[in-house]
Each structure stands twice: as C-alpha cells, then as structure tokens.
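Here are some notes to read alongside the model.

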Amino acid sequence: LVYAGGSATRPRIPAAGLLFQSRGALLHQLGDLSGARDAYRRAVTLGCGAPAYVGWARLEEEHGDPALAEQLFSRGAEVDPDHAPLHNARAAAAERRGQMHMARQVYSGACTRGACAALLHGWGQLELRDGKHARASALFERAATCGRGSAEDRAFAHHALGHARLRQRRLNEAHAAFTAGLALSPESSQLILGLALVHAHQRNDEAARALFSRAVRIDPRHAHAWRAWGVMEARLGETDAARQILADGLRSCRGYAPLWLAAARVEKESGHLARARRLLQDGVDDCGGGRDGPANTARGGTRGARAVSGAGLAALAAAGPGASLAEEVDASTSEQLDTSVAADVDASLAADLDASLAEEVDASLAGELDASPAAMLAA
C-alpha cells in the first residue's frame with residue numbers, strides 16, 4: 001500500500017483507508033447512509049482509524065443515535081489516543097448534547113495523556129462558548145506557548161489569545177499575541193484582522209486602515225474584515241469610504257447578513273432611507289430569505305447568518321430602517337456562532353478562526369460602535 005499523511009509523532013494512514021473515508025463522507029453528503037456506513041467500516045478495516053470513526057460518529061449523531069456516536073468516538077480514541085481532531089469532535093458532540101461536564105472530561109483526559117496546541121485551543125473555545133472567559137484565556141495562553149503542535153496550530157492559538165486579550169481591553173498583550181501569530185503565519189488574513197482591530201481600538205486609524213486593506217487583499221472573501229473596516233470608516237465620519245468598502249465586500253462575499261445590515265445602516269444614518277430599504281431587501285434575497293437563494297461565497301457566511309436573514313433581515317425590511325440594525329447584527333452573529341463553532345473546532349482549527357472573528361468583530365469593535373447608531377457616525 002501507498003501511505004499518506006503522518007508526522008514525526010503520528011502514524012501514517014494507508015491511502016486505501018483514506019480513500020474509503022473520503023467515500024464515506026461523500027456518500028453521507030449525498031444521503032446514501034448505508035453506503036456511507038459501509039465505506040467507513042472499510043476505512044477502519046484498512047487502517048484509517050480515528051478519522052473514519054469521527055466521520056462515522058458524526059453520521060450517527062446527525063441521524064438520531066448519539067449513543068452509537070459516542071461508542072464510535074470511544075473506539076476511535078482507543079485506536080489513536082493522540083488524535084486531537086477526534087477529541088475535539090467528541091467534546092463538541094458532548095457539548096451539543098448539553099453534557100458540558102463530559103466535554104471537559106474528554107479534554108482533560110486527552111491533555112493528561114499529552115497536551116498539544118490543537119487540544120488546548122479546542123478546550124479554550126469550549127470554555128469561551130460557556131462564558132468562562134478567564135479559563136478560556138488561560139487555555140489559549142497555554143496553547144500558544146505549548147511546544148507540541150504544528151506552527152499552524154500555534155498560530156491559531158495566538159489568534160484566539162489575541163482576541164481574548166482584546167475582549168479584556170489588554171491591548172498591548174493582544175498586539176503581542178497577534179504579532180507572534182503572524183510570525184508563524186504571515187499571510188493569515190484572520191491574524192491581520194485581529195491586529196487591525198487592536199489599532200482601531202487604539203485609534204491608530206491609518207495603521208488599522210492599512211491592515212484591513214491587507215487582510216481583504218490576501219482574502220477577498222473575508223466578510224468579517226470588510227465589515228469591520230466599513231464600520232471603522234463610518235465611525236470616523238468617512239461615509240463615502242465606508243459605503244464603497246461595504247459595497248466591495250458585498251461583491252466579494254455573498255450570503256453574509258451582517259455585511260448587508262452594516263451597509264444598510266450606513267445609508268440609514270446618512271439619511272438615505274430608500275437606499276437602506278433596498279439594501280435590506282437585497283440582503284433578504286441574497287441570504288435566502290427572499291426570491292433568490294444564497295450564493296454563500298463568504299468565509300463567514302454560515303448557516304446561522306442565512307437562518308437569521310430570513311427572519312431578521314425580512315423583519316427589518318418590513319419595519320423599515322428605523323429598526324435596530326445593531327440588534328440584528330448581534331442576533332445574526334450569535335446564531336452563527338451557535339450553529340458553526342462546534343463543527344469548526346471539530347473539522348479543523350482553521351475553520352474555527354472565522355467563528356472567533358465573528359464574535360470578536362461584534363463584541364470588540366462593531367459591538368462597541370454599533371451600540372449607539374447616532375454615535376457611530378459622530379466625527
């Protein structure tokens with residue numbers, strides 16, 4: 001057999017096993033559950049242990065058998081006790097069942113055997129979602145300084161630590177964390193956005209502007225970066241610049257409700273109520289609440305944003321732009337986090353950066369600025 005994957009600390013997986021795991025995932029997506037189960041069984045037999053068990057467990061959980069899903073996670077952990085993505089997925093499944101104590105036990109046991117950046121980061125995200133901010137910050141700090149893990153995993157940990165410090169308004173420490181992450185991953189638009197938010201808080205407007213521009217140049221589909229940049233320009237009274245930035249973002253990022261709401265809000269606050277109404281209706285259509293389905297090309301345009309768009313954006317369009325756009329932005333982002341964070345942490349720590357950014361853009365920069373619509377455009 002040809003072998004694939006592997007590292008200095010992890011065994012390689014037979015390519016045939018990976019192929020059957022991929023087949024199982026594809027058949028699951030196509031709705032052939034029997035075929036998917038057969039493929040996952042073959043993958044396990046061919047040596048693709050933990051990854052195949054994760055996919056199989058998710059299938060069973062999704063289709064109403066959480067007990068079998070937990071058994072499959074347990075088998076996967078026996079086969080490969082050092083497989084961090086499996087522990088992240090198992091803990092997230094326990095969290096979805098409301099079993100936070102069990103989720104913490106999963107992380108505690110895995111970290112006792114061998115803590116690594118990916119596990120500590122996942123555990124920190126769990127605590128953050130449960131409102132345990134101090135505990136989450138401590139775990140992110142451990143993850144960032146942990147010597148066990150890839151450069152990418154450690155960069156993600158620095159990202160999470162930076163946002164934790166930003167929430168605490170410990171701006172110098174947030175700056176240091178994002179800078180350390182960028183040393184490991186210089187082209188990360190998420191880390192660049194984090195650093196831009198620090199400068200925006202410090203009113204270093206030119207530095208923030210340059211970083212926002214760099215983030216969207218690296219990743220034009222980074223909806224959170226477009227939105228945060230537009231909000232900053234609006235706060236500074238640069239209405240035309242804000243309008244252009246949000247329009248550019250909407251061209252690049254489809255299906256992301258908060259971006260439509262921000263654009264409508266700029267028009268509302270500048271007195272263009274008809275434009276605001278049109279943007280709200282266009283947002284309803286784009287995000288799946290109207291006549292057209294969502295293209296959903298934005299990184300960050302998740303199920304939650306689309307789900308809220310039908311109720312939230314449609315309600316705003318009916319009520320008129322006098323309604324609270326800040327409320328809808330917060331609701332959209334909260335729903336997005338509820339539906340996407342657990343899956344993000346399980347599937348890959350890269351995906352969960354978007355969830356963290358969604359929270360931080362609203363809680364740190366946009367939340368602060370959007371709390372008072374009139375104040376946002378005050379010079």
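**Notes on the predicted model**

1. Four aromatic pairs turn up when the whole structure is searched. Rings of Phe, Tyr and Trp (its six-membered ring) count as a pair if their centres lie within 6.5 Å; planes under 30 degrees apart are called stacked, over 60 edge-to-face, and the rest tilted. One of the pairs is Y107 with W123, which is stacked, at 6.0 Å centre to centre and 5° between the planes. Y107 belongs to helix α6 (residues 100-114) and W123 to helix α7 (residues 117-129), so this pair ties together parts that are 16 residues apart in sequence. Y107 is buried at 2% relative accessibility, and W123 is buried with a relative accessible area of 15%. Buried here means under 20% relative accessible area, exposed over 50%, and partly exposed in between (1.4 Å probe, protein chains only).

2. W226 and W229 form another stacked aromatic pair, 6.3 Å centre to centre with 20° between the planes. Both residues lie in helix α13, three residues apart, which is about one turn of the helix. W226 is buried, with a relative accessible area of 9%, and W229 is buried at 12% relative accessibility. Ring pairs also bring in F212, giving a cluster of F212, W226 and W229.

3. Residues are numbered from 1 along each chain as its sequence is written, and side-chain values use heavy atoms, with hydrogens and water left out.

4. For the chain as a whole, the secondary structure comes to 20 helices and two strands. Helices (H or I, at least four residues) and strands (E, at least two) are DSSP runs, numbered from the N terminus. Of the 379 residues in the protein chain, 53% are buried. Among contacts between residues at least 6 apart in sequence, 58% join residues at least 24 apart; a contact means heavy atoms within 4.5 Å.

5. Helix α13 (residues 223-235) also holds G230. This glycine is buried, at 0% relative accessibility. Leaving aside neighbours within four places in sequence, G230 is in contact with A242, I245 and L246. The C-alpha atoms of G230 and A262 are 7.8 Å apart, although the two residues are 32 apart in sequence.

6. How do the axes of α3 and α4 cross? Helix α3 (residues 49-62) and helix α4 (residues 66-79) have axes that come within 8 Å and cross at roughly 175°. The axes are lines fitted to C-alpha atoms, for helices over the stretch in contact, and the angles run from 0 to 180 degrees between N-to-C directions. α3 and α4 are therefore roughly antiparallel; that word is used over 145 degrees, with roughly parallel under 35, roughly perpendicular from 65 to 115, and oblique for the rest.

7. The residues that meet between these two helices include Y53, W56 and E60 from α3, and L72, F73 and R75 from α4. Those in the contact of α3 with α4 divide into 11 nonpolar, two polar and three charged. Ala, Val, Leu, Ile, Met, Phe, Trp, Tyr, Cys and Pro count as nonpolar, Asp, Glu, Lys and Arg as charged, and the others, Gly among them, as polar.

8. How many disulfides are there? The count is zero, where a disulfide is a pair of cysteine sulfur atoms within 2.5 Å. The cysteine sulfur closest to that of C111 is in C116, and at 6.9 Å it is too far for a bond. C111 is buried, with a relative accessible area of 12%, and C287 is buried too, at 1%.

9. H87 is found in helix α5 (residues 84-96) and is buried, with a relative accessible area of 1%. Leaving aside neighbours within four places in sequence, H87 is in contact with A77, P81, V106, A110, R113 and L119.

10. D286 lies in helix α16 (residues 273-286) and is buried at 3% relative accessibility. D286 and W260 are 26 residues apart in sequence and 9.2 Å apart in space, C-alpha to C-alpha. D219 lies in the loop between α12 (205-218) and α13, and counts as buried at 14% relative accessibility.

Notes:
This is a predicted model: local features need pLDDT of at least 70, side-chain atom pairs count only at pLDDT 80 or more; totals for chains, interfaces and linings use all residues.
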